[in-house]
Amino acid sequence: MTERDAAGRNMQDTARSRTRLRLSWSAGLSTRLLILTAIFVMLAEVLIYLPSIARYRQVYLENVLSDAHLATLALDAAPDNMVSPELSRRLLSHARALAIVQRRADGSRHLMTAGMPPSVSKRVSLGNPDFLLLIWDAIDTLAAGGERVLRVVGPSPRDPATALEVLISDTALRQGMLEYSQRILILSLIISFFTATLVFLTLHWLIVRPVQRLTDNMVRFSDDPTDEARMLQPAGRRDEIGVAQEEYAHLQRNLRITLGQNERLAALGAAIARINHDLRNMLAAAQLVSDRLAGSEDPGVRRIAPTLVRSIDRAVRLCTQTLDFARDAKATRKAEIFFLNELVLELASVHGPEHPGTSFDSDMPGDLTIFADRSQIFRALSNLMRNAAQAGAQTVTVRAETTEGLAVVNVIDDGPGLPDDIRQTLFKPFSTRPGAGGTGLGMAIAHEIVSAHGGVIELVSTGTADTHFRITLPQSAAAPDTGGGA
């Protein structure tokens, strides 16, 4: 498979994934929203249904007591408070009862029955109903009722001084509760459907559609961030979604500007790298000539030769630092285990002759090792030590210790300190004190190297007495290695 075919297949896979994303937004979220709304409405209906069905059962039993009281009034009109069996059956049928016992305040008691009363399955008291107990009894009737005989006990709704005991079959009660539940269910489904539809349409218009538009724009914009036509046009809303649209549009504008600047800087950096490479070769040849001039017997030539050598050295250092800054520290990192003390002693031997007025000291355990790219750590510490010497420090001390798997390196000098305006941009490229003569890349390169190793470089303190930098690096070989690795 050619690279072009692979790229085409990757583009097709990306297009399919984005199509699935659009379908997920258009179908999945809307469908889930509709279903959840219906479920929530049904849940609310259930919470309303339980008290309603309990109340239905309570009213039904109270009506039974009321009808039973009316049926017992026939006993008062009959001789000896007795009625014929035929009339008794008719009265009990109208009262939906199997037997009725009436107790009055004067202590009299009347009984109406059409035969031997059946055995009672459950006793129900209507005197002081409890809310939760009513709900439980209603559920019990729906679940286990239909063939039971209930003894309903309570005061007559027509005469509270009269107590009644009524035997009834709960078949009609349960049937009525089922029919009532069916009506409630149908009504709940209708309410749930219309409510869910209205809520769905409202939320789809207010939330889903704007979010879908925002997501589609993200996908389109990610295909070509430099195309201004793909930028989101905010709808001018004042709510949270409107704020999100405004902020995302602002992010797109900043991203386009940044991409344009990075593209120009990348082209400029590539050109500078090529120029520096060629210039470095030219300066190397000039350095050889200047060395020969330094050995000339002509007094005039010998007088100007050191100045020429220093100028060429600064130019070579400028080219070297510029190329180092253009190089990706992560991509070129090759880690190894080395002794930090040996590295610092090597740095002192290099910078000592270069800065004869500065003393370079070290204070650290001889067996302290770290796992890192030795050449890059060398370059980072070298930049710190050189900057201190160039700033006028008489003594530069490098101290190191280990703590919790980290190597902490402190670089302390007795120089004049850093100006306030430099501290804010210390680790940014081309940030240097006026008249220092440096490139302003040393600290930026040190910061990039330390960050590429998963470490931190920071300015601890600075002043007229001393300046203190601290570098914290992972010590073991388990440190994150996103670069070339050894």
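Q: How do you know that the distance between the end C-alpha atoms of helix 3 (residues 131-144) agrees with its 14 residues?
A: In this predicted model, the 14 residues of helix 3 should span 20 Å at 1.5 Å a residue, and because its end C-alpha atoms are 20 Å apart, the two values agree.

Q: What makes the buried residues of helix 3 line one face of the helix?
A: The residues concerned are L134, I135, D137, A138, T141 and L142, which are buried, a word that stands for under 20% relative accessible area. Seen down the axis of helix 3, these buried residues fall within an arc of 165°, and therefore they line one face of the helix. The face turned away from that buried side carries L132, W136 and A143, which are exposed, and exposed stands for over 50%.

Q: What makes strand 7 (359-363) and strand 11 (456-462) edge strands?
A: The open sheet of five strands has the order 7-9-10-12-11, with mixed pairing, and strand 7 and strand 11 are its edge strands, since each pairs on one side only.

Q: How do you know that strand 9 (residues 395-403) and strand 10 (residues 406-413) pair?
A: Two strands pair if there are at least two bridges between them, and strand 9 and strand 10 have eight bridges, in the antiparallel sense; R399, for example, has N410 of strand 10 as its bridge partner.

Technical notes
Residues are numbered from 1 along each chain as its sequence is written. This is a predicted model: local features need pLDDT of at least 70, side-chain atom pairs count only at pLDDT 80 or more; totals for chains, interfaces and linings use all residues. Side-chain values use heavy atoms; hydrogens and water are left out. Helices (H or I, at least four residues) and strands (E, at least two) are DSSP runs, numbered from the N terminus. The expected span of a helix is 1.5 Å times one less than its number of residues. Buried means under 20% relative accessible area, exposed over 50%, partly exposed in between (1.4 Å probe, protein chains only). The arc is that of the directions from the helix axis to the C-beta atoms.
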